[in-house]
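Subject: Structure handover

Hello,

Here is the structure we spoke about. My notes on what was found in it follow below.

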Amino acid sequence: MASRGRILEKSVHSEPQISFRELMTNARKNAGLTQSQLAKRLSKPQSFVAKYEGGERRIDVIEFIMICRTMSVDPLAILRKLAKSM
């Protein structure tokens, strides 16, 4: 359901999705973690992190919260930044 007349794009290459990926990548780097370190903490392969940061796949809301907690980042802070950029 689109709100306020905006068309929702499903592409992992949409502007909002690119902004989200950049926020997640910056959060990881600010946490002082490499993709491999984050993936290990998540019990996932390094490619899991590389694929969502590189735009090959999306993460769902549960994965998003788990990733943020693992990086000790407030998920709401990321969402607020994303909302401001849209």
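A residue counts as buried when its relative accessible area is under 20%, and as exposed when that area is over 50%. Phenylalanine 20 is therefore buried, since its relative accessibility is 11%. Please keep in mind that this is a predicted model.

Aromatic pairs

The structure has two aromatic pairs. One of them joins phenylalanine 20 and phenylalanine 64, with 5.5 Å from centre to centre and 55 degrees between the planes, which makes the pair tilted. Phenylalanine 20 belongs to helix α1 and phenylalanine 64 to helix α4, so this pair ties together parts of the chain that lie 44 residues apart in sequence. Phenylalanine 64 is buried too, because its relative accessible area is 5%.

The other pair is made by phenylalanine 48 and tyrosine 52; their ring centres are 5.6 Å apart and their planes stand at 75 degrees, so the pair is edge-to-face. These two residues are four apart in helix α3, which means about one helical turn separates them. In general, an α-helix has 3.6 residues a turn, so residues three or four places apart point the same way. Both phenylalanine 48 and tyrosine 52 are buried. Lysine 44 sits over the face of phenylalanine 48, 5.0 Å from the ring centre.

Helices α3 and α2

In α3, the buried residues are Phe48, Val49, Tyr52 and Glu53. Around the helix axis they cover an arc of only 120 degrees, so they are on the same side of α3. The elements covering these buried residues include α1, α2 and α4. Glycine 55 follows α3 and has a positive phi, near 85 degrees.

Helix α2 spans residues 35–42, and Leu38, Ala39 and Leu42 are buried in it. Viewed down the axis of α2, the buried residues fall within an arc of 100 degrees, so they line one face of the helix. Lys40 and Arg41, on the other side of α2, are exposed. The buried residues of α2 pack against α1 (15–30), α3 (46–54) and α4 (61–70). After α2 comes serine 43, which also has a positive phi, near 60 degrees.

The nonpolar core

Which residues of the largest nonpolar core touch the most other members? They are Met24, Leu38, Tyr52, Ile59, Ile67 and Ile78, out of 18 residues in that core. Two or more residues come from each of α1, α2, α3, α4 and α5 (75–85). The largest share, four residues, is given by α1. As background, nonpolar side chains in soluble globular proteins tend to be buried together.

Isoleucine 67 is worth a look in the viewer. Apart from its neighbours within four places in sequence, isoleucine 67 is in contact with Met24, Leu38, Leu42, Phe48, Tyr52 and Ile59.

A buried glutamate

Is glutamate 63 buried or exposed? Glutamate 63, a residue of helix α4, counts as buried because its relative accessibility is 15%. Setting aside neighbours within four places in sequence, glutamate 63 is in contact with Phe48, Arg57 and Arg58.

Regards

How values were computed
Residues numbered from 1 in each chain as written. Predicted model: local features only at pLDDT ≥ 70, side-chain atom pairs only at ≥ 80, totals over all residues. Heavy atoms only, no water. Buried < 20%, exposed > 50% of the residue type's maximum accessible area, 1.4 Å probe, protein only. Arc of directions from axis to C-beta. Contact = heavy atoms within 4.5 Å. Core = buried A, V, L, I, M, F, W, Y, C linked by side-chain atoms within 4.5 Å. Phe/Tyr/Trp six-rings, centres within 6.5 Å; stacked < 30°, edge-to-face > 60°. Lys NZ or Arg CZ within 6 Å of the ring centre and 35° of its normal.
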